[in-house]
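Me: I would like a close look at one part of this model, the surroundings of a single side chain at its surface. Please set that part against a few other places along the chain as well.

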Amino acid sequence: LVMNVPFKVDASMLVVGSYKGFVVVQSNDLNNPTISVPVNLTITGQPKISVFPNNIDFGNSLINVVASQVVSIKNTGGDTLRLSSFSSSISQISYTIASTKINPGESTNLTINFQPNAIQNYTGLVSFITNDPNNPNYTISVQGIGLLATVHFNVADGSTGNPITNATVIFNGISLDAGTYQ
């Protein structure tokens, strides 16, 4: 007597690849109480991108000074995640990435740099392509505000602490009157 017995395999914790094993069937047959049936299992999967954070706000940033923030890109899928064709929508935003190939369960860092060159609000995008079938084109929004640094010089007598009027300050070889400078 031949009998077909359906069974299910939970492969949710396995990564992409081929696996060999046995299904052991126990019965009340006195001659063959245990039968081992060889099983070959092939797991296929797909990459799945997870990005944190996916929106960067640099807030107030000094003009011509580079500010950086790190974005973590993780592969929560079952196959290798590949990233390519990175671009920035404005020249004040640049980026570096540690790796463009991410194995299942691993992550990489994308460093986004912001260097404003004028007093204004900036909004831009860092975009790239992935092989995640659900997110083939990925975009991270970036914003920040370019500001000038403000330096205020107060000149006081070293022994009394009283303000000195009409004083001149030499800062980095430049003579300045006491006051506020941008």
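What is the relative accessible area of V25, and does that make V25 buried, partly exposed or exposed?

Reply: This is a predicted model, in which local features need pLDDT of at least 70 and side-chain atom pairs count only at pLDDT 80 or more, while totals for chains, interfaces and linings use all residues. Residues are numbered from 1 along each chain as its sequence is written, and side-chain values use heavy atoms, with hydrogens and water left out.

V25 has a relative accessible area of 40% and is therefore partly exposed, since buried means under 20%, exposed over 50%, and partly exposed in between (1.4 Å probe, protein chains only). V25 belongs to strand β1, residues 17-26, where a strand is a DSSP run of E with at least two residues, numbered from the N terminus.

Together with I35 and V37, V25 makes up a nonpolar surface patch of about 220 Å². A patch takes residues with over 30% relative accessible area and no salt bridge, joining nonpolar side chains (Val, Leu, Ile, Met, Phe, Trp, Tyr) within 5 Å and like charges within 9 Å; a salt bridge is a side-chain nitrogen of Lys or Arg within 4 Å of a carboxyl oxygen of Asp or Glu. The areas come from the Shrake-Rupley method with a 1.4 Å probe.

V25 and I35 also take part in the largest pocket: of the 13 residues that line this pocket, M3, V5, V25, S27 and I35 lie nearest its centre. The elements that contribute two or more residues to the lining are β1 and β2 (34-43). A pocket is an open set of points on a 1 Å grid over the protein atoms alone, where a 1.4 Å probe fits and protein lies on both sides within 12 Å along at least five of seven lines; lining residues have an atom within 4 Å of a point. The volume of the largest pocket is about 390 Å³, taken as the space filled by probe spheres set on the points.

P38 and G21 are 17 residues apart in sequence, yet their C-alpha atoms are 5.9 Å apart in space.

Some places elsewhere along the chain give a setting for this part. T76, in the loop between β5 (67-75) and β6 (81-88), is partly exposed at 45% relative accessible area, and its C-alpha atom is separated by 9.4 Å from that of Q46, 30 residues away along the chain. N113, in strand β9 (residues 107-114), counts as buried at 14%; between its C-alpha atom and that of Y138, 25 residues apart along the chain, the separation is 18 Å. A149 sits in the loop between β11 (137-147) and β12 (151-153) and is partly exposed at 39%, with 37 Å between its C-alpha atom and that of S107, 42 residues apart along the chain.

The backbone also has points to examine. Most residues other than glycine have a negative phi, and most peptide bonds are trans. N64, although not a glycine, has a positive phi of about 65°; its place is in the loop between β4 and β5, and N64 is exposed at 53% relative accessible area. S85, in strand β6, likewise has a positive phi, near 55°. A cis peptide bond with omega of about -15° joins F52 and P53, and P53 lies in the loop between β3 (49-52) and β4 (55-62).

Methods:
Helices (H or I, at least four residues) and strands (E, at least two) are DSSP runs, numbered from the N terminus.
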